[in-house]
Structure formats: structure tokens, C-alpha cells
Amino acid sequence: MADDPVTEPATRRETFLPNGLAGFPVRSDNRVTPLVLAADMFPALERAVAAARHQVLLAFRIFDPDTRLRSPEALATGAQDWAGLIRDAVLRGVTVRLLLTDFEPIVVEDLHSGSWTTFHRLREVATGLPPEARERLEMIVAQHPGEMGWAMRQLFRLPVGFMVRRRLAALADPEKLLAARPGWWPYHRLSGGRAIYRRGPAPRLWPATHHHKFAVIDSALAIIGGIDVNERRWETRAYRHAAPKSWHDISAQVEGPAAGDAAEHFRGLWNAALPLFRETASQWMNGSDRELVLEPLDAMPVPAPLPAAIPGGEARVQMLRTLSRRRRHPFAMGPKPDIRELMAAHRRLILSAERFLYIEAQFFRHGRAAAWVVAAARRRPGLQVMIVLPQAPDDVAFDGAGDNPAHRHGEWLQARALGRLRRVLGGRLALCSLGRRATPTPEEREHGDDGATAFGSGIIYIHSKLLIADDRMALVSSANINGRSFGWDSEFGLLWHDPAGVTAFRRRLWQQLLDRDLGDDLSDAAAQWRDQAAENAVTAPDARRGFVLPYRFARVRRFGRPAWFVPDDLV
């Protein structure tokens with residue numbers, strides 16, 4: 001294409017993004033290795049950490065140090081889990097920094113508790129280290145800066161207070177359980193083995209989070225994508241895990257100069273999170289009988305120069321971000337979008353597609369993204385579009401949260417966006433999902449009406465965030481196709497240009513999902529995806545070819561309900 005910066009002379013700082021948007025530049029001479037499922041990603045990350053010489057940077061939404069190791073290289077250190085692997089790295093002289101996501105402590109207290117449980121578990125590891133090694137292990141549990149405004153906090157004061165009171169009363173072992181819930185400390189006191197509600201200031205509420213999932217090793221290798229580190233995410237190519245552990249995800253390993261940009265991004269996140277981490281911890285301890293022991297934390301210095309080009313590296317890579325900041329308005333419902341490179345990259349890649357566009361997404365709820373696909377299809381009459389989605393959000397499919405108005409509003413947005421694609425693209429569109437080649441387990445049947453089962457089998461939960469255009473470019477990131485990922489949460493990803501590498505990846509991935517190779521002629525790819533999904537839908541699970549099934553659009557349309565009080569960017 002004439003307007004494709006990949007083919008234009010690099011007369012200025014090169015970017016894949018439109019309208020001159022540029023954060024990190026396009027870097028040449030990288031090697032990109034796609035990682036399909038945790039079966040690829042977990043061993044790759046373990047090997048990288050086991051081989052680290054200087055520095056390991058880990059930034060994850062969920063990171064469980066008790067996750068067991070799989071790779072022979074990591075197990076050869078004598079460690080059995082991630083806590084042991086981190087201990088080994090620090091004892092070898094490697095500096096390890098963990099940027100853990102914190103969560104709004106009242107509404108999503110289970111995730112808040114999980115982050116602080118990880119913090120305390122790794123503090124135990126640090127306590128057992130020699131003093132000189134202890135200084136090489138640093139952790140931040142980072143709240144997003146985009147909290148609700150003062151007036152909104154007052155409006156929610158009573159309902160949130162009732163929620164805290166009810167949850168405190170339900171704690172079976174308050175002394176133990178509250179240790180990992182520092183966000184609750186200002187609102188209780190212990191008396192006779194019970195947690196008694198204590199009225200406090202209007203709770204601080206954080207609707208946005210740090211949603212990125214990436215690691216950087218020695219500033220020379222980065223692993224980036226949508227997958228966290230815990231046992232729930234572990235999945236193999238046989239997809240034998242039943243609900244709620246079925247999991248399909250994509251990551252990418254990048255070696256070369258672009259990995260240095262990932263290290264620089266981590267440095268910016270770390271230094272920005274430091275003051276809020278100290279401030280929040282101080283507020284939670286104020287007036288409480290508990291104390292958080294925070295080790296001294298250092299700001300990260302300017303990183304080393306970019307790593308050298310990889311010999312034979314054919315990939316050109318641009319690192320991309322979504323970042324937002326606090327909206328200083330008393331009625332602010334969420335943060336103010338600041339950097340929207342990932343949204344721009346989605347638009348860039350979709351509008352550049354000529355032959356086919358392949359999308360794997362946890363959500364497809366953004367109306368503008370649907371408009372981009374429609375515009376690309378109208379511009380290119382032969383464009384084939386394949387979109388692979390989970391049959392239902394995991395909170396609905398596996399946790400029975402079907403009455404939550406936020407989930408129903410999100411599905412309403414998705415039905416509206418996908419409905420537009422169905423009307424305009426017709427036979428050029430394939431809407432698919434994935435299902436296990438096994439009959440549902442009792443747990444899957446329990447929530448079957450809400451989406452944990454479909455066509456006689458349990459679903460495979462699609463969590464990946466992947467776009468491929470024309471076997472030419474691919475976008476791998478932590479960003480969903482929704483307003484939250486395009487404007488509110490912190491996200492990170494990469495746009496990868498490498499026709500040979502992208503083609504090989506696409507063929508390998510489709511071979512895994514379809515159990516056949518569609519070859520290079522993709523002029524009727526959407527029809528082939530639809531036909532195989534329809535055939536599998538009427539075939540016994542153990543006799544199916546591949547894992548592809550139709551996406552139940554009618555269920556989403558029935559389930560979705562608009563809620564005027566739920567911001568579109570929240571879901």
C-alpha cells in the first residue's frame with residue numbers, strides 16, 4: 001500500500017501508527033517468537049529467568065509465586081515453583097523487580113487479596129536471603145492512579161459501607177484473612193476474634209487497573225501478551241482442562257532492540273507507581289493496629305543502551321501502550337485517557353487489511369472498532385474477516401455472575417458491534433468460538449445456560465488479544481477491544497511486521513485450532529471457518545475436527561441489557 005509506512009522510505013522517525021503518532025519507534029532486526037498458550041509461554045519465561053545475568057523485570061496483573069515450574073532449565077536450578085526460581089536468580093546476583101497490580105479493595109477484594117498474598121509470600125522469600133541479596137528483590141503493589149472523584153466517592157459511601165460491613169461479618173478467620181486485605185484496614189477493628197465495622201472516610205475507589213502482562217530479561221529479551229502467571233492459566237494444545245481452567249491465550253517473545261523499549265516502559269511504570277504506593281500504604285495504616293512492612297524501594301535509573309540487532313532477525317517491531325491518568329474532577333467516574341497507541345494500532349492494522357483479517361479477542365465491544373472493520377470491508381470487496389470470541393465472559397460462564405448489570409451492559413455493547421458486522425459483511429464474516437472435544441463436566445453443566453457449555457461440550461475460554469492482517473502484520477497485546485483497554489487501563493503490546501514470520505505463525509495457529517492447513521489461498525477463508533464450525537456443532541465432541549464452533553450470537557443478543565449508569569469504558 002502506498003500509505004503503509006512499512007514500505008515508505010524512513011525519512012523521519014518511523015512509526016506504524018497513523019497521523020504521526022509515535023511513542024517508541026519501529027525497531028528493525030528483531031526476532032519474534034509467538035507463544036501459543038501457557039504451554040509455550042510459561043517454559044519460555046522460566047528459561048529466560050533461569051538464564052538471566054543482570055536484571056529481571058516482571059509486570060503482571062496476577063502473579064502467583066506458588067505456580068509450579070515446567071521447563072527443564074528452570075527445574076535444573078533446584079526450584080520447584082516461581083518463588084524458588086526468583087530466590088535462585090537473586091542469589092546468583094540478578095536484580096529482580098516485580099510490579100504487581102493492585103485492585104480496588106472493596107468491590108474486587110479477592111483480586112486485591114491475591115496481590116497482597118503474593119507480596120507477603122515473596123517477602124518471606126526475601127527474609128530468608130542474605131542481606132546483600134535481599135536488596136536485589138524489590139516489589140511494588142501498584143494501584144492505578146485513575147481513582148473516582150471526591151463527589152462520586154461520597155455518593156457510593158453508604159452502599160460500599162454496607163458491602164464492607166457484610167463482608168467483614170462473613171470472615172471466618174479475620175486475623176489471618178485481613179492480613180492480605182490492607183484496603184480494609186481503615187474500616188474495621190478486631191474484638192474477641194471478630195472484625196467489627198468501623199466507620200471511616202469515604203472509601204477510595206479505583207475503577208481502572210494496570211492490565212499489562214510482560215517481562216523483560218537483561219533489557220535484551222521481552223515476553224509480552226495477555227497471559228498472567230498462575231495455575232489457572234496453564235493449558236496445553238489438547239485443551240483438556242475443564243471449567244473454569246480452560247484457557248486460550250497468545251504471547252510473543254521479542255529479542256533485539258525492541259526489548260530495550262520494553263525495559264524503558266517498565267522503568268516509567270515503576271517510577272510513576274512509587275509515590276502512589278507509599279501514599280496508599282500510609283493511608284491504609286493510618287489509625288489501624290496493623291502495619292505494612294515495606295522494604296526500601298529505589299527509582300529505576302535510565303536503562304542501558306538498546307541491545308544489539310539479532311543476527312538474521314527479520315522482524316520489525318513497535319512497542320505500544322495504553323496509559324491514563326487521574327481525572328481531577330469531583331464527579332470523575334474514571335481516569336482521563338492519556339496515551340492511546342494500542343487503539344491507534346488496532347485502527348491502523350484493521351484498515352490496512354486487504355485479503356483477510358483474523359481477530360482473537362476476549363471482548364469485541366468497541367463501536368469504533370466495528371466501524372473500522374466495516375470501512376475496511378467496504379474498501380476491499382474481497383476482504384475475509386474471522387473473529388474468534390469466548391461464548392460468554394468468564395465471570396458469567398464460570399462464576400454465575402449473570403445478574404451483574406455491568407456484564408449485561410458489556411454484552412449489549414458486543415451484540416451491537418457484532419450485529420453491525422453481520423449486517424454489512426454477510427458471508428465474508430465468520431464469528432466463531434472454541435469448544436473442548438469432551439462432554440461437559442458437572443461444573444460446566446451447572447452454568448451451561450450462561451455460556452460454560454455450547455453444542456454439547458465445555459467451552460475453551462478465549463483470553464487472547466491478537467490481530468493478523470494479510471499474513472503481513474500482527475498485533476499481540478494485553479488490550480481487549482473495548483473502551484477500558486483503549487482508554488482506561490494500563491496496557492502493553494507490540495505491532496509485528498514480518499511477512500514470513502507472521503505467515504508461519506498464522507498457519508501454525510490455524511493448524512492447531514482447525515486441525516488442517518488452509519494453505520495460502522484464503523479467498524474463501526471465512527466460509528471455510530464457518531463450515532467447519534457448523535459441522536462440529538452437529539458432531540459428537542470426541543469426533544470433531546479441531547476445536548472451532550459457531551459463536552452463539554443469539555445468546556449474546558438475548559443476554560445483553562443496556563444500563564445507563566454503567567460507563568461504556570468500564571466494561
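A residue is called buried when its relative accessible area is under 20%, exposed when that area is over 50%, and partly exposed in between. The model to which these cut-offs are applied is predicted.

Start with Asn 482, which has a relative accessible area of 2% and is therefore buried. Asn 482 lies in the loop that runs between strand E18 (473-477) and helix H15 (483-488). Beyond its neighbours within four places in sequence, Asn 482 is in contact with Phe 363, Arg 365, His 366 and Val 571.

Pro 186 is another loop residue, placed between helix H8 (174-177) and strand E5 (188-191). Its relative accessibility is 10%, so Pro 186 also counts as buried. Residues up to four places away in sequence aside, Pro 186 touches Arg 198, Gln 283 and Trp 284. Pro 186 can also be compared with Arg 290: the two are 104 residues apart in sequence, and their C-alpha atoms are 9.8 Å apart in space.

Phe 156 sits in the loop between helix H6 (150-155) and helix H7 (157-169). Phe 156 is partly exposed because its relative accessible area is 30%. Together with Leu 155 and Phe 331, Phe 156 forms a nonpolar patch on the surface. The accessible area of Leu 155, Phe 156 and Phe 331 together is about 310 Å².

Definitions and conventions. Residues numbered from 1 in each chain as written. Predicted model: local features only at pLDDT ≥ 70, side-chain atom pairs only at ≥ 80, totals over all residues. Heavy atoms only, no water. Helix = DSSP H or I, 4+ residues; strand = E, 2+ residues; numbered from the N terminus. Buried < 20%, exposed > 50% of the residue type's maximum accessible area, 1.4 Å probe, protein only. Contact = heavy atoms within 4.5 Å. Patch = residues over 30% accessible without salt bridge, like charges linked within 9 Å, V, L, I, M, F, W, Y side chains within 5 Å. Areas by Shrake-Rupley, 256 points an atom, 1.4 Å probe, with all protein chains shown as cover. Salt bridge = Lys/Arg side-chain N within 4 Å of Asp/Glu carboxyl O.
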